[in-house]
Amino acid sequence: MRTTVRDSVPGEQVDAIDFTRTGPGTLAGRYLRCYWQPAFRALDIAPGRSKPARVMSEDLTVYRGESGEPHVVAFRCAHRGTQLSTGWVEGDDLRCFYHGWKYNSAGQCIEQPAEPEPFCDRIKIRSYPTREYLGLVFAYLGDGEPPVFPRYSAYEGDGIVEVGPCAAAPVNFFNRIDNGPDTAHLKFVHSPFLDRMGIPSVESVETEFGVKTSTRFPNGWLNETFLIMPNVTLFPGRPRAAGDDVSTDQLAWVVPVDDEHYRFVQVSVTKGSDGPSGRFENLTPTAPEIGATVTAGYARVKDFLQRPDIFEIQDCVSQAGQGTFAPRDQEHLGRSDAGVVLLRKIWERELQRLATGKPLTEWRVPDGLVANMGRQRTAEDLQSAVPG
């Protein structure tokens, strides 16, 4: 049975299970590991190179073979435990820097140069199913066979694909997850762009893909956001200006680095343009770094209104202001928090199912949802809704 929440009960708390801890063996970590997660930005690793990565408190080695194929294996060599990313890529294999032990992409040791009687067949490190897609290197970090790799067909056609810098924000990932269906913040956090639109009404509904939140403003403008369980958000395309045919669809994963940091891994597809949007070019300092200076009192949000990532900066400030872990036991939720309450109920339900061995919900993203995103906000909507 799907759930619709138009009004939450003031004071209602939904956080009986810890959503925030995602390291190996934790309940939330086991749940997120049931899904493919982006581990690295593809353009940041060239053929024949290896680099360290950290996802959900788990250290990994990401390397790209000389063939160009990406691979993800364990962080340390099984011999003396040194960091494998400091070694050398040879073909599609990885050789340890310390004593030259060599591993193939399946994690099997295939050479032990200093051993007069090699025992390679007894040595294997963990490897992870890996896919490159939409400018990202994905890995399946769970146990057993991975699920079917999710595809977003509307992002695969015409358009300019750009991937954000994926900087780590110094707060727990669930601060950001909560922010998705919390659309009552739009008028305030995203001032001055949306502050003239008035106080919206919010309705959230559980769907076959996760949570759809509809936010209607007094002028009639309807804003819809889509949270694909467990940690993906779709942002509908929006023309750059009234009468402009150029629009950008955005897809983002909220990926824990560890319990105190997350990465907002964002892919943008711009249609109707002959070149990149420039949204992610030369963005230094990063949005999380700017957010930290604002919460520390050294800068103000309005000092950065001309940055193309201003909405991301504003969100970073509001989430960092909650602390590393949002103080949910001290919250006083109101009727505008309908989406937040629904999302937490779904997460709690799914984690309870995982803990008791019951089947998890099989979330499904219909092609029509993604394909129609760019038609949900017309230039006329934008002109009437957002102050020029």
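The lining of the second largest pocket divides into 16 nonpolar, two polar and three charged residues. Here Ala, Val, Leu, Ile, Met, Phe, Trp, Tyr, Cys and Pro count as nonpolar, Asp, Glu, Lys and Arg as charged, and the others, Gly among them, as polar. This is a predicted model, in which local features need pLDDT of at least 70 and side-chain atom pairs count only at pLDDT 80 or more, while totals for chains, interfaces and linings use all residues. Residues are numbered from 1 along each chain as its sequence is written, and side-chain values use heavy atoms, with hydrogens and water left out.

**The pocket**

- Rolling a probe the size of a water molecule over the atoms shows where empty space is left.
- A pocket is an open set of points on a 1 Å grid over the protein atoms alone, where a 1.4 Å probe fits, with protein on both sides within 12 Å along at least five of seven lines; lining residues have an atom within 4 Å of a point.
- The second largest pocket has 21 lining residues, and Tyr 35, Pro 147, Val 148, Pro 150 and Trp 363 are the ones nearest its centre.
- Its volume is about 560 Å³, where a volume is the space filled by probe spheres set on the points, joined across faces, edges and corners.

**Strands and sheets**

- Strands (E, at least two residues) and helices (H or I, at least four) are DSSP runs, numbered from the N terminus, and two strands pair if DSSP finds at least two bridges between them.
- Look for an open sheet of four strands in the order 3-4-5-10, with antiparallel pairing.
- Strand 3 (49–55) and strand 10 (127–128) are the edge strands, each pairing on one side only.
- Seven bridges pair strand 3 with strand 4 (residues 58–64) in the antiparallel sense, and Ala 53 has Leu 60 in strand 4 as its bridge partner.
- Elsewhere, strand 16 (residues 210–216) and strand 17 run antiparallel and are joined by seven bridges; Val 211 has Leu 227 in strand 17 as its bridge partner.
- These two strands form a hairpin with five residues between them, and Gly 220 in the turn has a positive phi of about 95°.
- In strand 17 (residues 222–228), six of the seven residues are buried, meaning under 20% relative accessible area, whereas exposed is over 50% and partly exposed lies in between (1.4 Å probe, protein chains only).

**Helix 6**

- The 19 residues of helix 6 (residues 338–356) should span 27 Å at 1.5 Å a residue, and its end C-alpha atoms are 27 Å apart, which agrees; the expected span is 1.5 Å times one less than the number of residues.
- Just after helix 6 comes Gly 357, with a positive phi of about 80°.

**Salt bridges**

- Side chains of opposite charge can pair when their charged atoms come close.
- The whole structure holds 25 salt bridges, each a side-chain nitrogen of Lys or Arg within 4 Å of a carboxyl oxygen of Asp or Glu.
- Arg 21 pairs with Asp 259, with the closest N and O atoms 3.7 Å apart, and this links distant parts of the chain, 238 residues apart.
- Arg 21 counts as partly exposed because its relative accessibility is 37%, while Asp 259, at 16%, counts as buried.
- Arg 344 and Glu 331 form another salt bridge, with the closest N and O atoms 2.8 Å apart. Arg 344 lies in helix 6 and Glu 331 in the loop between helix 5 (310–320) and helix 6, so the pair ties together parts 13 residues apart in sequence.
- Both Arg 344 and Glu 331 are buried.
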